Amino acid sequence: LYRIKENDELHAGYSYAPRAIPKNNIIPAMPDYNTNFFSIGASHFYENWRFDIAYEYQRGEKFTNNNPLFPGTYSAHNNVLLLGITYTFLTQTKVE
């Protein structure tokens, strides 16, 4: 989090999610990958409103499935655009 000025912030992040299912048990309809998530975004505050925009790139690790029913090499790449609007009904004290 980086505050540009009082009402504007920049965000950046990274996370990693390991697969929950052994790779040889995966079927194409329900893939599961070791996934890296990279994100950037910005927030603007105006009175009780908050406006957010962010971009996230998801990269699933390439792997080969040896299951005889669904053999093959799998990978995934996703691009996600996120938009958000928040209204706060109660006045909050800003944390600096």
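What share of the contacts in the protein with a separation of 6 or more comes from residues 24 or more positions apart? In this predicted model, such residues account for 50% of those contacts.

**Figure 1. Overall fold of the protein, a predicted model.** The secondary structure consists of five strands and zero helices, and along the sequence the pattern reads β-β-β-β-β. The radius of gyration is 19 Å, well over the 12 Å that the globule rule gives for 96 residues, so the protein is more spread out than a compact globule. Along the principal axes, the C-alpha atoms fill a box of roughly 60 × 25 × 20 Å. Of the 96 residues, 20% count as buried. The accessible surface comes to about 7,400 Å², and carbon and sulfur atoms contribute 59% of that area.

**Figure 2. Nonpolar surface patch of about 830 Å².** The patch is made by Tyr-46, Trp-49, Phe-51, Ile-85, Tyr-87, Phe-89 and Leu-90. Strand 4 (49-65) and strand 5 (72-87) are the elements that give two or more residues to the nonpolar patch. Ile-85, one of the patch residues, lies in strand 5. Ile-85 counts as exposed because its relative accessibility is 61%, over the 50% cut-off.

Figure 3. Leaving aside neighbours within four places in sequence, the residues in contact with Asn-65 are Lys-23, Asn-24, Ile-26, Phe-70, Pro-71, Gly-72 and Tyr-74.

How values were computed
Residues numbered from 1 in each chain as written. Predicted model: local features only at pLDDT ≥ 70, side-chain atom pairs only at ≥ 80, totals over all residues. Heavy atoms only, no water. Patch = residues over 30% accessible without salt bridge, like charges linked within 9 Å, V, L, I, M, F, W, Y side chains within 5 Å. Areas by Shrake-Rupley, 256 points an atom, 1.4 Å probe, with all protein chains shown as cover. Salt bridge = Lys/Arg side-chain N within 4 Å of Asp/Glu carboxyl O. Helix = DSSP H or I, 4+ residues; strand = E, 2+ residues; numbered from the N terminus. Buried < 20%, exposed > 50% of the residue type's maximum accessible area, 1.4 Å probe, protein only. Contact = heavy atoms within 4.5 Å. Rg over C-alpha atoms; globule rule 2.2 N^0.38 Å.
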